[in-house]
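Thanks for coming. I have one structure to go through this morning, and I will keep to a handful of places in it.

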Amino acid sequence: MRFFEGCTAIITGASSGLGAEFARQLAPVARELVLVARREDRLDELKREIVSRHPGVRVRVHVMDLTDDLQLGEFASWLEREGIRPNFLVNNAGMGDRGPFATGDWAKIQAILELNVVALTQLTHRLLPMLGAGGRGAILNVGSIAGLIPLPFMAVYAATKAYVNSFSDALRMELRGSGITVTAVLPGPTETEFGRVARRSTGERGWETPDVLAVPVEDVVGAALVAVARDKARIIPGWHVALVMGVAVALPLGILRLILQRRTA
Ligand SMILES: NC(=O)c1ccc[n+]([C@@H]2O[C@H](COP(=O)([O-])OP(=O)(O)OC[C@H]3O[C@@H](n4cnc5c(N)ncnc54)[C@H](OP(=O)(O)O)[C@@H]3O)[C@@H](O)[C@H]2O)c1
């Protein structure tokens, strides 16, 4: 964790799950944490918890809807006004939808596209100049193993995470030598609020990743931070998840389609 000593980190989606855990694991070494999400009470609660355990770290809460263009712009101005100089951006906020695409609620599909793709890209674009200002910065994008293969009944979510995986790799290459590193973490199933948010009120069936692949939140976040410190392009937390996905992506697409269709038929 020495890599993160004295860092100023912005963590999106910090009000639950992986985002809150990123804040907890960075708190002992960071100088400043900026926690971003919509639920203010959750962020305030996390802030209280962190400050009581680690009085040395300054924690700021910024309540915003990342899918709102205006709020995103205002966030960058707020950072400047407050004199916050971030050198670590954790693009973690994301959501999914489990069920057939045809019967999906368009408002939810649009929110997924705006949050997982547009907000992540726009925030990265706006904050790049700040991240590089101190000579060294890092970006951690939270993708998913879902982005490695097409996933029926979670089609839009998987496609957005394929974008995150690809964008991260390409940006990493573009920024080589700039002092800013880019890493993507591709978690498998992890016990957070993700499943509740992705579930449809209609109870429609969706893609379910086998529980045997589950990795604890703490391990996912720990592995991701080690990958950033070691300047790795990608990390799939959990050796068993990495193994299964290694086999899946090595299969001819035709065979993979047959397997996925059988699993979801
Ligand atoms: N859990 C898994 O199995 C799994 C697997 C692979 C990848 N991932 C990825 O991991 C990341 C974190 O998800 P999680 O599992 O920790 O799920 P989670 O517990 O549901 O957390 C999602 C976070 O995103 C925030 N968020 C959602 N919409 C937002 C918006 N419009 N504006 C600002 N913040 C918003 C939520 O906060 P508010 O509701 O307070 O705004 C929450 O803090 C996501 O990118 C997800 O795709 C998760």
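Predicted model: local features only at pLDDT ≥ 70, side-chain atom pairs only at ≥ 80, totals over all residues.

Let me start with the helix pair. Helix α1 covers residues 17–26 and helix α2 covers residues 40–53. Their axes are 10 Å apart, and the packing angle is about 20°. How do α1 and α2 run relative to each other, roughly parallel or roughly antiparallel? With an angle of about 20°, and with anything under 35 degrees counting as roughly parallel, α1 and α2 are roughly parallel to each other. The crossing of α1 past α2 is right-handed. On the α1 side, the residues making the contact are A20, A23 and R24. On the α2 side, they are L46, E49 and I50. Sorted by class, that contact has four nonpolar residues, two charged ones and no polar ones.

Now the aromatics. How many aromatic pairs does a search of the whole structure find? The search finds five. A pair of aromatic rings is described by two quantities, the distance of the centres and the angle of the planes. Take F75 and W78. Their ring centres are 6.0 Å apart and their planes are at 20°, so this pair is stacked. F75 and W78 sit in helix α3, residues 69–81, and because they are three residues apart there, about one helical turn separates them. Both F75 and W78 are buried.

Another stacked pair is Y163 with F167, at 5.7 Å centre to centre and 10° between the planes. Y163 and F167 are in helix α5, residues 155–174, and are four residues apart, about one turn of the helix. Which side of the 20% cut-off for buried does each of them fall on? Y163 has 30% relative accessibility, so Y163 counts as partly exposed. F167 has 19%, and therefore counts as buried. Elsewhere, F3, F4 and F88 form one aromatic cluster.

H62 is in strand β3, which runs over residues 58–63. Its relative accessibility is 11%, so H62 counts as buried. What does H62 touch, leaving aside residues up to four places away in sequence? The list is V34, L35, V36, A37, L43, F75 and W78.

G104 is in the loop between β4, residues 88–91, and α4, residues 106–133. Between G104 and F88 there are 16 residues along the chain, counted as their separation, and their C-alpha atoms are 35 Å apart. With residues up to four places away in sequence not counted, G104 touches D97, I109 and R200.

Finally, two residues with positive phi. F153 has a phi of about 70° although it is not a glycine. F153 is in the loop between β5, residues 137–142, and α5. D231 is also not a glycine, and its phi is about 55°. The loop holding D231 lies between α7, residues 217–229, and β7, residues 234–235. F153 has 25% relative accessibility, so F153 counts as partly exposed. D231, at 25%, counts as partly exposed too.

That is what I had. I am happy to go back to any of these places.

Technical notes: Residues numbered from 1 in each chain as written. Heavy atoms only, no water. Buried < 20%, exposed > 50% of the residue type's maximum accessible area, 1.4 Å probe, protein only. Contact = heavy atoms within 4.5 Å. Axes fitted to C-alpha atoms, helices over the stretch in contact; angles between N-to-C directions. Parallel < 35°, antiparallel > 145°, perpendicular 65-115°, else oblique. Left-handed = near helix turned anticlockwise from the far one by under 90°. Nonpolar A, V, L, I, M, F, W, Y, C, P; charged D, E, K, R; others polar. Phe/Tyr/Trp six-rings, centres within 6.5 Å; stacked < 30°, edge-to-face > 60°.
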